[in-house]
Amino acid sequence: MDDLLLTLKRTFGYSTFRPLQREIIAATLAGQDVFALLPTGGGKSLCFQLPALARDGLTVVVSPLIALMKDQVDALQASGVAATFLNSTLGAEESRARLRGLHRGEFKLLYVAPERLMLDGWSENLKAWNVTCLAIDEAHCVSEWGHDFRPEYRQLARLRATLPGVPLMALTATATGRVRQDIVTHLQLRSPVTFVASFNRPNLTYRVTPKDQPLKQIIDFVRPREHESGIIYCASRAATERVAESLTSRGFSARPYHAGLTGEERSTHQEQFLRDDTRIICATIAFGMGINKPNVRWIIHHDLPKNIEGYYQETGRAGRDGLPADCLLLFSAGDVAKQTHFLDEISDEQEQQVARAQLRQIVHYAESSGCRRAELLAYFGEKFPLDNCGACDNCLEPRDTYDGTVVAQKFLSCVYRIAQNSRFGVGLNHVIEVLTGAETDKIRRWGHDTLSTYGIGRELSRPQWAAVGRELMRLGYVTVAEGEYATLQLTPEGLALLKARTPVTLTKPMDLPKAKRVVRREGDIACDEILFERLRTLRKKLADERKVPAYIVFGDTTLRAMARYYPSTLAAMEGIPGLGEKKRAEFGATFAAEITAYLATNSRQAFD
């Protein structure tokens with residue numbers, strides 16, 4: 001592995017591998033099929049880029065998005081790697097030139113969309129180009145159970161016949177057990193060596209707060225971060241436009257991104273964001289997959305996501321460089337009601353059931369008083385080893401609890417009495433209507449206004465009872481029945497609690513946020529912030545001259561290391577992370593000169 005470490009250092013500027021990278025690289029170089037699940041920011045790309053430099057022949061990388069291809073190829077070329085892509089953005093002459101280069105063996109990596117590989121004549125090309133590895137990026141696209149299914153990915157298995165001896169690597173950042181099995185099956189992986197890294201992103205801080213005047217909440221959040229890049233996810237096109245317009249009118253640099261814009265508008269707004277010309281993108285979920293921008297410092301969810309997997313993927317676009325980043329979810333019962341209404345319109349019963357279960361899971365996450373990180377990891381089957389992560393609202397500012405014995409008894413009694421009286425279950429809303437003494441057709445028709453529990457809960461509002469009901473579900477005293485109707489049932493534990501009148505402690509609902517504690521966050525690199533801003537300005541200038549995003553020159557991690565250690569000569573740049581030989585030769589002297597000029601009028605700061 002010494003040769004690989006040398007290549008890692010010389011080409012990419014790093015002296016150590018991230019978790020599992022070394023093992024994945026060794027397996028693919030040994031000719032084995034590989035399934036690798038690494039979280040966003042976990043270094044998936046290096047797992048096929050470095051072996052491509054270590055072996056003969058061409059590595060073909062299947063990528064679903066045009067933006068991702070250009071992005072990765074730009075970054076590789078900046079590091080001195082012979083890489084190219086083929087897609088619909090290229091003119092005929094440029095495509096022919098690149099094809100000639102491939103036939104001459106000039107490239108180590110080729111990025112291509114799955115549908116292009118299936119075109120007539122391409123199997124002959126692949127046979128002629130000495131393909132020695134096939135890497136399938138964003139491999140969850142192969143599964144109908146994934147959050148981004150793409151039918152064209154299913155056809156990739158045909159390449160096994162075209163390239164029978166070539167090892168295949170499937171990579172994804174997010175996949176449940178069912179999706180993982182789908183990937184292995186549909187891509188016809190042969191006894192793959194499987195690697196599953198931790199889903200934990202220790203540099204991300206997670207917060208959920210009640211939605212109250214969301215535009216004001218967003219502006220208050222963004223104002224102290226206006227020089228940082230962030231994404232605001234909204235449920236509708238109208239909301240993205242409204243939020244972007246509100247921010248722009250207050251002097252922030254913001255653009256909308258949704259499927260209703262023209263392709264040219266979307267491309268322009270995305271490019272402005274990648275180059276730091278626009279700091280904020282207000283987007284629907286149409287934005288994000290394959291956006292390889294490492295310095296996104298925050299993510300806001302203006303509306304409740306549809307499921308935990310999508311939420312994890314979207315928050316995972318923050319802090320890909322390993323530096324701290326913040327994730328804020330604005331939560332309201334109104335959003336839950338809206339989404340429930342949309343689910344009622346799904347005609348396929350199985351699809352509706354899955355969507356309802358997913359909605360319950362994300363609501364459970366949003367309302368939970370437990371560690372946010374532990375909740376997210378548990379969804380993916382991983383146990384977080386600590387009681388307190390120190391980087392979520394519930395761990396930093398635990399919510400108050402109260403004696404909930406009486407309200408729990410009332411709620412559980414109501415569920416029990418309805419089932420006993422009617423011989424059928426009802427949903428959460430109906431239970432609440434009985435508790436609060438509502439006068440509805442269903443209550444009268446089913447005789448629920450004669451129950452002993454009718455109207456015994458008028459002291460609480462409907463949203464308060466909904467919060468109590470959902471917490472009793474989280475605590476395992478009530479369950480939601482499988483099937484077409486989401487009816488409530490007491491669990492054996494709930495029935496025992498009801499009969500024994502055991503004391504119950506419940507958590508108070510979320511309040512609007514208090515003043516935040518300032519905490520040292522995982523991944524922080526303390527540095528001279530004034531010098532860091534000067535180096536950022538220089539980076540932007542160099543990137544604009546080359547018409548590439550700023551992080552193609554250097555990531556924030558590299559700049560913060562420079563602003564901490566003050567390397568004022570080319571030799572002193574040795575050991576700065578992300579500074580490979582080609583980048584040091586191209587940019588090192590320029591940044592060293594800027595640091596020297598800064599030190600002429602400023603003293604060095606000392607850091608622990």
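This report describes strand pairing, salt bridges and a charged surface patch in one predicted model.

Residues are numbered from 1 along each chain as its sequence is written, and side-chain values use heavy atoms, with hydrogens and water left out.

**Strands and their pairing**

Helices (H or I, at least four residues) and strands (E, at least two) are DSSP runs numbered from the N terminus, and two strands pair if DSSP finds at least two bridges between them. Burial is expressed as relative accessible area, with buried meaning under 20%, exposed over 50%, and partly exposed in between (1.4 Å probe, protein chains only).

Strand β5 (residues 131-136) is mostly covered, since 6 of its 6 residues are buried. It pairs with strand β2 (residues 58-62) in the parallel sense over 5 bridges, and within this pairing Val 60 stands opposite Leu 134 of β5. Strand β5 also pairs with strand β6 (residues 168-172), again in the parallel sense, over 3 bridges; here Ala 135 has Met 169 of β6 as its bridge partner.

Strand β3 (residues 83-86) pairs with β4 in the parallel sense over 4 bridges, and Ala 83 stands opposite Leu 109.

In the loop between β6 and α9 (177-186) lies Thr 174, which counts as buried at 0% relative accessibility. The C-alpha atoms of Thr 174 and Glu 138 are separated by 8.8 Å, although the two are 36 residues apart along the chain.

**Salt bridges**

Side chains of opposite charge can pair when their charged atoms come close. With a salt bridge defined as a side-chain nitrogen of Lys or Arg within 4 Å of a carboxyl oxygen of Asp or Glu, the whole structure contains 37 of them, including those in the table.

| Pair | N to O distance |
|---|---|
| Arg 10 and Glu 581 | 3.3 Å |
| Arg 100 and Glu 93 | 3.5 Å |
| Asp 544 and Lys 540 | 2.9 Å |

Arg 10 and Glu 581 form a salt bridge; Arg 10 lies in helix α1 (residues 2-12) and Glu 581 in helix α26 (residues 581-599), so the pair ties together parts that are 571 residues apart in sequence. Arg 10 is partly exposed at 43% relative accessibility, as is Glu 581 at 42%. In the second pair, Arg 100 is partly exposed at 41% and Glu 93 is partly exposed at 46%.

Asp 544 and Lys 540 are 4 residues apart in helix α23 (residues 529-546), and are therefore separated by about one helical turn. Asp 544 is partly exposed, with a relative accessible area of 34%.

**A negative patch**

Glu 241, Glu 245, Glu 264 and Glu 265 gather in a surface patch of negative charge (patch residues have over 30% relative accessible area and no salt bridge, and like charges are joined within 9 Å). Helices α11 (237-249) and α12 (263-274) each supply at least two residues of this patch. Glu 264 lies in α12 and is exposed, with a relative accessible area of 64%.

Note on methods. This is a predicted model: local features need pLDDT of at least 70, side-chain atom pairs count only at pLDDT 80 or more; totals for chains, interfaces and linings use all residues. Patches are made of residues with over 30% relative accessible area and no salt bridge: like charges are joined within 9 Å, nonpolar side chains (Val, Leu, Ile, Met, Phe, Trp, Tyr) within 5 Å. Accessible areas come from the Shrake-Rupley method with a 1.4 Å probe; for residues, only the protein chains shown count as cover. Lys and Arg count as positive and Asp and Glu as negative; His and the chain ends are not counted. The place of a charge is taken as NZ of Lys, CZ of Arg, CG of Asp or CD of Glu.
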